[in-house]
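Colleague: I'd like to learn how to read a ligand site and its surroundings. Can you walk me through it?

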Amino acid sequence: MQENSAPDGFRWYSEGRVRFLAPIFPATEAGEPIAPTKIPVFYNPFSKPSRDMTVLLVAAFFNKRITAAEPLAGSGVRGIRLLKETENVEEAYLNDLNPSAYNVIKLNAEANGVADKVVASNQEASLFLARHSEARYRFEYVDVDPVGAPVRFLENSIRACGHLGVVGASATDLAALTGVKPRPCIRKYDAIPMHVAFSKEIAIRIMMGFVARAAARLNAGIEPLLSYYHRHFIRVFAQVKRGRSGALQSIQEIGWLTYCGSCMRIETTPLTELPDRLCRTCGSGNMVAGPLWVGRLSDNSLAGRMLERVGEDYDEARRALSRIVSEDTSLVGYYPIPLLSRWARRSPPPPKAVIEELRNLGYRASQTHIDPNAVKTDAPPEDIKRVLSTLP
Ligand SMILES: C[S@@+](CC[C@H](N)C(=O)[O-])C[C@H]1O[C@@H](n2cnc3c(N)ncnc32)[C@H](O)[C@@H]1O
């Protein structure tokens with residue numbers, strides 16, 4: 001194909017250091033985006049922050065030459081960006097079930113001068129991954145980026161990921177994961193969601209918990225590297241540690257989350273115990289979510305190294321990372337300041353003042369990238385309330 005010419009319905013886009021062919025992004029006459037699933041090859045420009053994060057994580061995490069795989073590659077832009085924008089990816093296996101996507105991946109690899117580093121294929125993703133489950137064919141990085149839930153691809157992604165490799169996965173079925181529609185979440189993720197003020201974090205924890213349980217079935221453990229929420233998706237990255245001890249260790253981080261809607265107490269209970277039905281503070285009925293990941297969700301120092309590499313047009317990734325760097329993700333849940341203020345019958349104080357005061361009392365506290373106007377803390381509700389009533 002000639003430079004600049006594009007088939008009907010397609011155009012050339014630029015993202016990061018890659019120039020690539022993809023369908024014209026569908027929009028209504030008013031300029032509103034229409035679901036990108038309706039186009040001949042999937043491409044969603046609004047997912048650029050997800051691709052930016054993938055590039056940053058792979059560049060910052062691996063200190064050796066690696067092979068990456070994208071079983072659901074669409075136009076191939078993510079994998080080609082990994083080849084062009086990191087120094088450590090030397091080969092990318094880009095697969096898509098859609099034959100048009102397969103052709104576009106090959107054209108895009110050619111157009112970016114990386115055809116010799118791209119292995120394109122046109123297979124069902126689970127089959128593609130299963131074919132790479134033997135140790136010598138595994139990848140160091142596997143990226144699972146479906147429309148909706150990644151669950152049906154996760155077990156095979158772990159099979160296809162080498163020891164100390166990384167699986168990155170996103171989910172766009174946020175209505176299920178945040179408990180707006182609980183039944184699909186129970187069906188797909190084997191977990192009960194909860195529709196409360198911090199549901200988005202619960203969504204991330206359900207997804208990380210699902211990855212850990214899928215890994216444990218295969219005798220592998222996981223180490224969460226980075227987890228975040230962004231508008232229409234959540235994304236988690238986890239290192240895979242093969243072996244029984246790793247599996248047992250990460251299963252210890254799976255548990256239940258209880259939340260009291262009356263006094264706002266958040267608690268976690270190990271998977272092997274039954275969660276309290278009644279709140280320990282006020283005796284009201286608890287809501288229960290899980291099983292989910294109750295441990296740390298992100299590695300702050302990795303987020304810092306990613307932040308150092310942020311490119312000029314990475315505004316959204318920069319914003320998220322600059323918050324994740326100081327977020328204490330081992331604290332479960334968060335309290336939006338407007339909710340706390342209504343509860344304490346006062347005007348909303350700045351979150352930083354609440355955090356400082358909680359720390360003065362000896363508690364852990366931080367902000368969350370999900371909601372900059374919220375606080376995470378291990379303080380019990382009575383002390384959070386005390387802080388709110390003493391702050392000017
Ligand atoms: C969200 S898109 C991927 C977008 C791409 N990762 C990016 O960053 O632009 C999901 C892709 O998965 C492909 N797909 C859906 N089901 C599949 C399956 N079972 N096996 C392989 N590919 C599949 C679709 O054709 C679509 O291109």
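Modeller: Start with polar contacts: a pair of N or O atoms within 3.5 Å; within protein, one must be able to donate a hydrogen and the other to accept it, and residues adjacent in sequence count only if both atoms are side-chain atoms. Here, an N or O atom in the side chain of arginine 78 is 3.1 Å from an oxygen atom of the ligand. On the aspartate 145 side chain, an N or O atom is 2.7 Å from a ligand nitrogen atom. Leucine 72 uses a backbone N or O atom, 3.2 Å from a nitrogen atom of the ligand.

Colleague: What should I know about the model itself?

Modeller: This is a predicted model, so local features need pLDDT of at least 70 and side-chain atom pairs count only at pLDDT 80 or more, while totals for chains, interfaces and linings use all residues. Residues are numbered from 1 along each chain as its sequence is written, and side-chain values use heavy atoms, with hydrogens and water left out.

Colleague: How many aromatic pairs are there?

Modeller: Rings of Phe, Tyr and Trp (its six-membered ring) pair if their centres lie within 6.5 Å; planes under 30 degrees apart are stacked, over 60 edge-to-face, the rest tilted. That rule gives ten aromatic pairs. Phenylalanine 61 and phenylalanine 62 have ring centres 5.0 Å apart and planes at 90°, so they are edge-to-face.

Colleague: Is phenylalanine 62 buried or exposed?

Modeller: Buried means under 20% relative accessible area, exposed over 50%, partly exposed in between (1.4 Å probe, protein chains only). Phenylalanine 62 has 8%, so it is buried.
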